[in-house]
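Here are my notes on this model, point by point. Please read them with the structure open.

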Amino acid sequence: MSQKPVSSDPMGSKASRSLPAVRAAKPATILDVAAAAGVSRQTVTRAMNGMPGIKSSTRERVLELARELNYTPSRFARGLVQGSHVSVGLAIPDLGNPYYPAFASSVVEQATARGWHVVVDDFGHGGRSALDAVERLAPQVDAVIGYLGADADRALVLMSGRPLVALDFADEGFAGASIAFDYARAASAAVGYLRRQGRQRIVYIDWPGAGASTGTLDPLGRGLSVRGSAFAALLSDASPGTSTQSASPHSVVRAAGESAAAAKEAVEALLERSPDTDAVIAFNDLMAAGALKALAQAGRNVPVDCAVLGMDGIPLGELLTPELSTLGLDLREVGRTAVELLDGLLSGAIQPGTPEVRRVIRHELLLRGSA
C-alpha cells in the first residue's frame, strides 16, 4: 500500500470552504474537443500527448480548443497511450478501527491485480473531514474510493469528472457511483432473531458521528446515524423516517464515540437506569466489545442474562469471550465491488448515471456465543 500523501496546505482553506454544495456539471470530453476542432478522437489524443503524425497547426488548434473548453485528459487515458499506471485514492476515516484495514486490504489486492497504485488518506485525525482527504488526493489520482458521507457531492466537484465511488452511501440523487449497505434488512434480521429468542428489552447503541440521518430522532430529539434510524424504526414500532420520541426511553442509546471504551460507558449507564435490559445491539463490533466488557463487570452472564450483537463482522469478534455474534459484512466483496466499479467507469464499460453505478451489499447474521 502506498504511503499517505503529505501536504502542508491547510485544510478548510477559503477555496475548500467555498466549494458549491451542488451536483458537478458535466465536464468537457475528448469527443467535445474533437467535434469543435473538426478532427477525430485519435487526432485529439495525439495532440494532447505530443505524439507524432499530425500537423503542428492542427496540434495548436486542438490544444487551444481544449483550453477554451476546459478539457483535461484523464490520467487513465494518458496511461493507455503512455503505458503509465492508474492511481486510485482511498479515503478512510480511521485505520485504527480494524474494519477499515480489512476493507483497504481488499481494495489494494484488487487494484494491484490490475497494476494500479493506491494512495491512502486516513482523515480521521486532527478534525479533518472526508472532503479534506479528497482535496489532498484529487491532484494525484485518476479516481477515488471513500467513506465520504455528507461530503460526497462536494467531493465529486473536486474530482472534476473523474470517477468517484462513495461507500456506505444511498443517496439516489448522487451523480457519482455508490455502494450502499441494506441496514433495514440487517436490522430486521437482528431484531427479529432476538425477539424470537424471547428478548423483551432490546437496546441499540448508536454512534451518530457516522452521520446523522434525515428525519429520524432518538427519544430526546437528537439525530441518529443511518444504522441507528433503521434499528429505531423496529425497536419503537415506528415507520422509517419518523420521530422515535414515542419509543421506549432506552430503545436507542447514544455512545460518545466509535470505540469500545465509549460503548462500555454507555452500557454501564444503561444498566444503572434499566437493569432489565436483555439484549444489546452495537453500532459496530468494536463497540460490541465494549458492551461485553461492561456486562461482565456488572456480573451479567452473556448470553443468558443479556445477548450482545455487533455489526460488520471483523475478525476481532472471534477472539472475544464469548465469541461475538454479529451482522457480518463481506469486506472482500465491498473492496472488489468498488474496484470493479472504477474499472468499468475508467474503461467506459460502465456509464455514469446508469443503474450500474449503484450497488447494494447486504449483511449476514452470524450467530456465535454472545447471542
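1. Leu-345 comes first. Beyond its neighbours within four places in sequence, Leu-345 is in contact with Pro-163, Ala-177, Ile-350, Gln-351, Pro-352 and Val-357. The residue belongs to helix H13. Its relative accessible area is 16%, so Leu-345 is buried. Across the sequence, Leu-345 and Ala-143 are 202 residues apart, yet their C-alpha atoms lie 9.4 Å apart. Keep in mind that this is a predicted model.

2. Leu-329 sits in the loop between strand S12 (325-328) and H13. Is Leu-329 buried or exposed? Leu-329 is buried, because its relative accessible area of 6% falls under the 20% cut-off. Setting aside residues up to four places away in sequence, Leu-329 touches Tyr-99, Phe-181, Asp-312, Gly-313, Val-334, Ile-361, Arg-362 and His-363. Tyr-99 is 230 residues away from Leu-329 in sequence, with a C-alpha to C-alpha distance of 9.9 Å.

3. Asp-312 is not a glycine, yet has a positive phi of about 115°. Asp-312 is part of strand S11. With 5% relative accessibility, Asp-312 counts as buried.

4. Asp-168 also has a positive phi, here about 55°, and is not a glycine. This residue is in the loop between strand S4 (164-167) and strand S5 (177-181). Asp-168 is partly exposed, at a relative accessible area of 29%.

5. Check the cis peptide bonds. One joins Val-302 and Pro-303, with omega about 15°. Pro-303 lies in the loop between helix H12 (285-297) and strand S11 (307-312). Another cis peptide bond joins Thr-321 and Pro-322, with omega about -5°. Pro-322 is in the loop between S11 and S12.

6. Now the nonpolar core. The largest one holds 81 residues. Which of its residues touch the most other members? They are Phe-103 and Ile-145. Helix H13 (residues 331-347) supplies the largest share of this core, 8 residues. A second, separate core has 21 residues, among them Ala-133, Leu-156, Met-159 and Phe-169.

7. Ile-145 gathers contacts from several parts of the sequence. Not counting residues up to four places away, Ile-145 touches Val-88, Gly-89, Leu-90, Ala-91, Phe-103, Val-107, Val-165, Leu-167, Ala-338, Val-339 and Leu-342.

8. Next, a helix pair. Helix H9 (residues 183-196) packs with helix H10 (residues 226-235) at an angle of about 45°, and their axes are 9 Å apart. H9 and H10 are therefore oblique to each other. The crossing of H9 past H10 is right-handed. On the H9 side, the contact is made by Tyr-183, Ala-184, Ala-187, Ser-188, Ala-190, Val-191 and Arg-195. On the H10 side, Val-226, Arg-227, Ala-230, Phe-231, Leu-234 and Leu-235 take part.

9. Last, the chain as a whole. The secondary structure comes to 13 helices and 14 strands. Of the 371 residues in the chain, 49% are buried. Among contacts between residues at least 6 apart in sequence, 68% join residues at least 24 apart. The chain exposes about 16800 Å², and carbon and sulfur atoms supply 51% of that area.

Definitions and conventions
Residues numbered from 1 in each chain as written. Predicted model: local features only at pLDDT ≥ 70, side-chain atom pairs only at ≥ 80, totals over all residues. Heavy atoms only, no water. Core = buried A, V, L, I, M, F, W, Y, C linked by side-chain atoms within 4.5 Å. Buried < 20%, exposed > 50% of the residue type's maximum accessible area, 1.4 Å probe, protein only. Helix = DSSP H or I, 4+ residues; strand = E, 2+ residues; numbered from the N terminus. Contact = heavy atoms within 4.5 Å. Areas by Shrake-Rupley, 256 points an atom, 1.4 Å probe, with all protein chains shown as cover. Axes fitted to C-alpha atoms, helices over the stretch in contact; angles between N-to-C directions. Parallel < 35°, antiparallel > 145°, perpendicular 65-115°, else oblique. Left-handed = near helix turned anticlockwise from the far one by under 90°.
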